[in-house]
Amino acid sequence: MIPGMGAVATTLIAGVEAVRRGFAKPIGSMSQMGTIRLGKRTEDNTPLIKDWAPIADLNDIVFTGWDIFGGNLYDAAKTAGVLDRDQLESMKPFLESIEPLPAVFDQRWVKRLSPKVQKVGKNKCDLANQIRNDIAEFKSRTDRQVMIWCGSTEIYIEPKPVHMTLEAFEKGLVDNDEDIAPSMLYAWACLKEGIPFANGAPNLTVDIPALQELSKKMNAPICGKDFKTGQTFIKTVLAPAFKARQLGVAGWYSTNILGNRDGEVLDDPDNFKTKEVSKLGVLEHIFQPEKNPELYGDIFHKVRINYYPPRGDNKEGWDNIDIFGWLGYPMQIKVDFLCRDSILAAPLALDLCLFMDLAARTPALRGLGIQEWLSFYFKDPDTAPGVYPEHDLFIQSMKLKNTLRHIMGEDLITHLGLEYYGD
Ligand SMILES: NC(=O)c1ccc[n+]([C@@H]2O[C@H](COP(=O)([O-])OP(=O)(O)OC[C@H]3O[C@@H](n4cnc5c(N)ncnc54)[C@H](O)[C@@H]3O)[C@@H](O)[C@H]2O)c1
């Protein structure tokens with residue numbers, strides 16, 4: 001179930017269908033293409049994750065969702081302009097068969113978009129209950145459900161009193177509290193139905209005590225926010241390398257040009273602020289400047305996104321990194337990543353749906369609420385209060401695979417390796 005059926009959602013759905021029909025490979029998806037080592041390195045036991053873990057089969061996935069544009073997913077995919085026209089044509093009847101339901105939308109939260117269709121209700125509680133009705137209908141024709149927000153980035157807000165307890169939040173729904181965002185209505189409806197919720201955008205959404213309380217109460221998993229796809233993905237690969245080698249960083253300037261609808265929405269300063277906070281957080285946690293003040297105590301870190309229509313979904317992200325080495329001598333690294341935003345995001349959305357569904361069926365995980373083992377997928381992973389997030393991609397990958405081993409009753413892999421030496 002996908003609130004927001006734009007570029008990422010249509011690329012995900014058309015992609016799953018293309019894989020099901022044998023037209024293409026699910027490249028970029030750890031759940032589909034990744035392997036996992038079990039036991040010692042000498043045992044040569046490395047199955048594909050999809051053949052070993054009890055995750056849902058792609059053939060069993062059914063899609064639904066909500067949007068403000070009306071029409072069907074063939075039109076939406078054409079508008080997004082991510083996939084080739086020929087590829088879309090070959091799946092036209094399938095994509096035409098999925099029509100987004102009318103969304104709960106409020107332009108205060110996404111200023112650059114004007115809705116063609118949207119739900120109307122007497123207050124936010126009524127609107128959230130209309131989403132629950134949509135979910136109930138979907139439940140009646142499916143065995144299990146997962147929701148993933150692929151909607152536009154909402155404007156930046158800090159948690160307010162209405163977000164602090166479930167009681168205050170539910171009162172706020174009835175009182176039409178202005179600090180309850182549309183994405184929170186979807187999340188509340190979803191968790192209330194005991195369904196896991198993942199957030200592909202940087203909005204606050206479930207990162208508030210009220211919805212974390214609901215997640216635990218309903219045994220409905222939640223995880224982090226904002227897909228870690230392009231520049232931040234590379235950042236969380238490079239930064240741990242500098243840290244591991246004790247190389248200092250004086251500055252990291254990141255800029256992007258992006259021409260899709262996401263770029264248009266992020267062109268508004270209040271919406272960009274939400275993205276900026278999410279993108280800026282990673283270096284702070286990886287470098288821990290308070291523990292390494294001589295190397296990282298004085299970093300200048302800047303992130304910009306500029307809306308540039310000619311590039312469409314094909315983002316270009318530049319990084320200039322000023323590092324310093326032995327005796328303080330300066331060096332520079334330049335990265336120019338000509339990426340495809342939705343091509344990078346779609347496999348992450350797929351994995352999240354499959355792993356969140358697995359979490360919801362795993363007694364050792366579902367009662368925890370927050371699924372930190374899925375931080376691999378996010379710019380801004382959720383963690384327990386007082387626990388800082390791990391942003392290093394390779395720690396995240398180890399955490400994910402060890403969690404899979406743990407729930408499958410396999411030995412964890414610590415990389416100690418002493419067992420290979422001695423008698
Ligand atoms: N593609 C990436 O690499 C990437 C990475 C990280 C995060 N994201 C985030 O994922 C989200 C989706 O990106 P996209 O490129 O598909 O954007 P998009 O603009 O193509 O699609 C977003 C869709 O959400 C809809 N929408 C907005 N508010 C809604 C609401 N209240 N209810 C239902 N639908 C609503 C819009 O109408 C639009 O169709 C964005 O927030 C983006 O910032 C994308």
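A polar contact is a pair of N or O atoms within 3.5 Å. In this predicted model, a polar backbone atom of Asp341 lies 3.1 Å from an oxygen atom of the ligand. For Gly151 the atom belongs to the backbone, and the distance is 2.7 Å. For Arg261 the atom belongs to the side chain, and the distance is again 2.7 Å.

The ligand on its own has 840 Å² of accessible area, and the protein covers 98% of that area.

## The shell around the ligand

There are 32 residues around the ligand, and those that come nearest are Val8, Asp67, Val104, Gly151 and Arg261. By class, 16 residues of the shell are nonpolar, nine are polar and seven are charged.

Several elements give two or more residues to this shell: helix 1 (7-20), strand 2 (65-67), helix 9 (182-192), strand 6 (222-227), helix 12 (261-266) and helix 15 (341-360). Helix 15 gives the largest share, three residues.

## The second largest pocket

The second largest pocket holds about 710 Å³ of space. It is lined by 35 residues, of which Ile27, Gly28, Ile343, Ala346 and Pro347 are the closest to its centre. Helix 1, helix 15 and helix 17 (393-407) each give two or more residues to the lining.

Sorted by class, the lining of this pocket has 23 nonpolar, seven polar and five charged residues.

How values were computed:
Residues numbered from 1 in each chain as written. Predicted model: local features only at pLDDT ≥ 70, side-chain atom pairs only at ≥ 80, totals over all residues. Heavy atoms only, no water. Near = heavy atom within 4 Å. Polar contact = N/O pair within 3.5 Å; in protein donor to acceptor, adjacent residues only side chain to side chain. Areas by Shrake-Rupley, 256 points an atom, 1.4 Å probe, with all protein chains shown as cover. Helix = DSSP H or I, 4+ residues; strand = E, 2+ residues; numbered from the N terminus. Nonpolar A, V, L, I, M, F, W, Y, C, P; charged D, E, K, R; others polar. 1 Å grid on protein atoms, 1.4 Å probe; cavity = no way out; pocket = protein on both sides within 12 Å on 5 of 7 lines; lining within 4 Å. Points joined across faces, edges and corners; volume = space filled by probe spheres on them.
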